[in-house]
Amino acid sequence: MNETVAKQNLLDLDRARLEDFFADTLGEKRYRAHQVMKWIHHRHVTDFNEMTDLGKALRAKLETHAEVRVPQVQFEKPSADGTHKWLLGMDGKNAIEAVFIPDKGRGTLCVSSQVGCALNCQFCSTATQGFNRNLSTAEIIGQVWVAARHLGNVPHKQRKLTNVVMMGMGEPLMNFDNVVRAMSIMRDDLGYGLANKRVTLSTAGMVPMIDRLGEESDVSLAVSLHAPTDELRSELVPLNRKYPIEQLMDACVRYALRKKGESVTFEYTLMKDVNDQPEHARGLLRLMRDFDRRVQMKDAAKVNLIPFNPFPGTRFQRPDEEAIRGFQKLLNNAGMIAPVRRTRGDDIDAACGQLKGQVADRTRRQAEHNKRLQAQAASVPAGGADAAA
Ligand code: SAH
């Protein structure tokens with residue numbers, strides 16, 4: 001007999017939707033959904049037959065109507081510093097990357113939201129491959145599931161995974177609904193039990209969606225600023241032409257005010273001779289002070305300095321250590337804490353902006369990038385290509 005009913009992937013459903021599925025589709029009590037959530041997210045069980053506190057009849061019903069389809073691990077790479085990277089197959093053609101970064105007392109998972117990215121930020125490796133599609137809720141929370149299983153994570157008991165940052169491939173605010181739903185599973189006690197502040201969404205500055213996020217969710221916001229003037233920012237982050245700095249800062253102020261006392265993190269990737277000069281630090285400082293003043297809170301604006309992580313074919317370079325320290329010091333001297341995010345997982349290309357994955361439907365952008373690489377290889381003598389990095 002051919003079973004033609006499409007099975008519902010339970011990873012696509014947050015608590016409210018899973019309860020609805022139990023009540024409406026299965027004709028079961030809503031609380032049964034809670035048991036199933038714990039099996040999936042706390043114990044990493046995907047086979048309904050192993051969910052032993054469910055009756056046999058319910059298990060059979062689930063078998064007919066549902067499945068727990070997790071991303072397929074195509075490849076994984078542990079790094080010498082404890083960082084761990086996964087290449088996860090999403091549909092037979094496309095793959096994305098997720099990275100786990102352990103640090104003193106915490107474990108952060110960097111999660112992707114799209115296959116590729118449409119924004120074309122000039123200094124980001126993901127951009128070179130173009131955009132293919134949004135990830136589903138299941139594919140987003142599936143990355144957390146894979147990492148949690150690998151780590152033996154049990155919320156509130158054996159807590160290995162303490163933070164999630166939506167800083168992998170893609171622009172999370174361009175996949176709003178799926179990202180918000182996945183983040184609600186991350187924060188749910190029946191999911192991964194993370195505190196609101198420990199889930200961070202990073203955006204290149206989708207202004208209208210920052211407002212929507214403020215209305216619908218309650219997570220930490222990080223904004224990729226990278227430049228203090230529109231002229232420079234538009235060059236680095238083309239989205240700035242649509243939503244310039246003033247509009248972006250206004251949206252950040254609204255977000256912070258709505259959340260009362262919440263800080264906003266501004267990411268600043270330091271690129272040699274591009275945005276690493278004292279005038280840039282002073283401009284950044286002005287923007288941050290203005291932000292603090294408008295939300296009436298000291299240190300409401302936090303700055304994360306990210307030394308540029310090079311990748312093949314890029315025209316940018318990481319500033320030398322002295323320039324990075326100098327930039328940081330200028331901010332520090334003005335009373336601003338600005339940690340330098342040190343590269344982790346260097347040996348496995350797991351750093352910010354280096355995630356690539358595999359995009360099947362290659363867009364023109366990737367073809368162009370490959371052409372540039374080839375031209376470069378032809379013009380650079382062997383061994384010289386890395387000289388700039
Ligand atoms: N689309 C989201 C998430 C992107 S990745 C956003 O733009 O915020 C997370 C951070 O890494 C962003 O601040 C991004 O600008 C930064 N980044 C991208 N490429 C980088 C690179 N090669 N080196 C250092 N940081 C990079």
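Cys 121 counts as buried, because 20 C-beta neighbours lie inside 10 Å and the cut-off for burial is 20 or more. This is a predicted model. Cys 121 sits in the loop between β7 (114–116) and β8 (131–134). Leaving aside residues up to four places away in sequence, Cys 121 touches Ala 127, Ala 204, Leu 236 and Val 237.

Which residues does the UniProt annotation "binding site" cover? In this unreviewed entry they are Cys 117, Cys 121 and Cys 124. Cys 124 is also found in the loop between β7 and β8. Cys 124 has 24 C-beta neighbours inside 10 Å, so this residue counts as buried.

## The annotated active site

The unreviewed UniProt entry places the feature "active site" at Glu 97 and Cys 352. Glu 97 lies in strand β5 (residues 95–103). Is Glu 97 buried or exposed? Glu 97 counts as buried, because 24 C-beta neighbours lie inside 10 Å.

## Strands around β5 and β6

Strand β5 runs antiparallel to β6, and five bridges join the two. Leu 109 in β6 is the bridge partner of Phe 100.

Strand β6 (residues 106–110) is mostly covered. Four of its five residues are buried. β6 also pairs with strand β9 (residues 163–166). Here the strands run parallel, and three bridges join them. Asn 163 in β9 is the bridge partner of Thr 108.

## The largest nonpolar core

In soluble globular proteins, nonpolar side chains tend to be buried together. The largest nonpolar core here holds 101 residues. Which of its residues touch the most other members? They are Leu 109, Val 144 and Met 186. Helix α4 (residues 137–151) gives the most to this core, with eight residues. Domain 1 (8–67) and domain 2 (72–369) both contribute residues, so the core lies between them.

Met 186 has several contacts beyond its sequence neighbours. Not counting residues up to four places away, Met 186 touches Val 144, Val 164, Gly 191, Tyr 192, Leu 194 and Val 199.

## Helix α2

Helix α2 (residues 32–42) is mostly covered, with eight of its 11 residues buried. These are Arg 32, Ala 33, Val 36, Met 37, Trp 39, Ile 40, His 41 and His 42. What do the buried residues of α2 pack against? They pack against α1 (15–25), α3 (56–65) and α4. His 44 follows α2 and has a positive phi, near 60°.

## The chain overall

The protein chain contains 11 helices and 13 strands. Its C-alpha trace spans about 70 × 55 × 40 Å along the principal axes. A compact globule of 389 residues would have a radius of gyration near 21 Å, so the chain's 22 Å agrees.

Of the 389 residues in the protein chain, 44% are buried. Take the contacts between residues at least 6 apart in sequence: 66% of them join residues at least 24 apart.

How values were computed: Residues are numbered from 1 along each chain as its sequence is written. This is a predicted model: local features need pLDDT of at least 70, side-chain atom pairs count only at pLDDT 80 or more; totals for chains, interfaces and linings use all residues. UniProt positions are given in the numbering used here, feature names are shortened, and annotations may be inferred rather than shown by experiment. A residue is buried if 20 or more other C-beta atoms lie within 10 Å of its own, exposed if 12 or fewer, and partly exposed in between; C-beta atoms are placed from the backbone. The radius of gyration is taken over C-alpha atoms; the globule rule is 2.2 Å times the number of residues to the power 0.38. Two residues are in contact if their C-beta atoms, placed from the backbone, lie within 7 Å. A nonpolar core is a set of buried Ala, Val, Leu, Ile, Met, Phe, Trp, Tyr and Cys residues joined through C-beta atoms within 7 Å. Domain bounds come from an automatic or database domain assignment. Two strands pair if DSSP finds at least two bridges between them.
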